[in-house]
Amino acid sequence: MRYELYYWPTIQGRGEFVRLALEEAQAAYVDVARGLKKEGAGVPALLKLLDGKTVAQPPFAPPFLKAGPLIIGQTPNILLFLGQRHGLAPRSEAGRLWANQLQLTIADFIVEVHDTHHPIASGLYYEDQREEARRRAADFLEVRLSRYLGYFERLLAASPGKAAWLAGRSLTYPDLSLFQVVAGLRYAFPRAVQRFERKCPRVVELHDRVAARPRIAAYLASDRRIPFNEQGIFRHYPELDLA
Ligand SMILES: N[C@@H](CCC(=O)N[C@@H](CS)C(=O)NCC(=O)O)C(=O)O
């Protein structure tokens, strides 16, 4: 079966957490909204499933994944599904709940990253909330970044086995997502993150280990990986970074 991923075509965004899992699983998938409108793909195909007229349980927002008759929305929910199917999740119920809990924490984290450039409203331009963004980003870099990354650092320090993973003794989908968070933070806040990385060596090492996995490395080097840009979650506005 070939999965259909529906996500905005020009950004990594939340879709990237799903893409990374699909790539690591070597699953057959099509990134529908990046396809051609004249071939029934593109953004219109995404909007058609969102509008609820043809789907009994329409998702609220992308990303969503079509797997045969199933249409699954919410990033952690999609990863819960893919993780179990493709050996990217712990086998026990307790382990699966733990992986899901980690993914939900990452979801909270990326909302806070998003709010550094859009603290007032997603529908307004960054330029219309620049001052508030400055204040929000300063607090994020001073307080929240270390709270989240420190948490993951502690988990990795307590991980069993030689190589530290977030959920058990091998890679699971939250590891892929933490890789993406570190990559995104490095893009968005290079100065702050460079200073901070000394304090979370295990998180940095996990990032590097995930990046070096053959399937992930091949994906990152391919044109399937959309470059970071200033429309996604991780945006680089130098004035929001540390001086
Ligand atoms: N909690 C959802 C959030 C989905 C979401 O916010 N999607 C964004 C793009 S990353 C979107 O298109 N939102 C449209 C909207 O909120 O109206 C998830 O984790 O998938």
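**View 1. Contacts across the whole chain.** Residues 24 or more positions apart supply 70% of the contacts (heavy atoms within 4.5 Å) in the chain with a separation of 6 or more. This is a predicted model, in which local features need pLDDT of at least 70, side-chain atom pairs count only at pLDDT 80 or more, and totals for chains, interfaces and linings use all residues. Residues are numbered from 1 along each chain as its sequence is written, and side-chain values use heavy atoms, with hydrogens and water left out. Of the 243 residues, 50% count as buried, meaning under 20% relative accessible area with a 1.4 Å probe, protein chains only.

View 2. Strand 1 (residues 3-6) runs antiparallel to strand 3 (residues 64-67), joined by three bridges; look for Glu4 opposite Lys66. Four bridges then link strand 3 to strand 4 (residues 70-73), again antiparallel, with Phe64 partnered by Gly73. Two residues separate strands 3 and 4 in this hairpin, and Gly68 in the turn has a positive phi of about 60 degrees.

**View 3. Helix 1 against helix 3.** Helices are DSSP runs of H or I, at least four residues. The axes of helix 1 (residues 15-24) and helix 3 (residues 75-85), lines fitted to C-alpha atoms over the stretch in contact, come within 9 Å and cross at roughly 10 degrees. The two helices are therefore roughly parallel, the class for angles under 35 degrees. Phe17, Val18, Ala21 and Leu22 of helix 1 meet Thr75, Ile78, Leu79 and Leu82 of helix 3.

Methods. Two strands pair if DSSP finds at least two bridges between them. Axes are lines fitted to C-alpha atoms, for helices over the stretch in contact, and angles run from 0 to 180 degrees between N-to-C directions. Angles under 35 degrees count as roughly parallel, over 145 as roughly antiparallel, 65 to 115 as roughly perpendicular and the rest as oblique.
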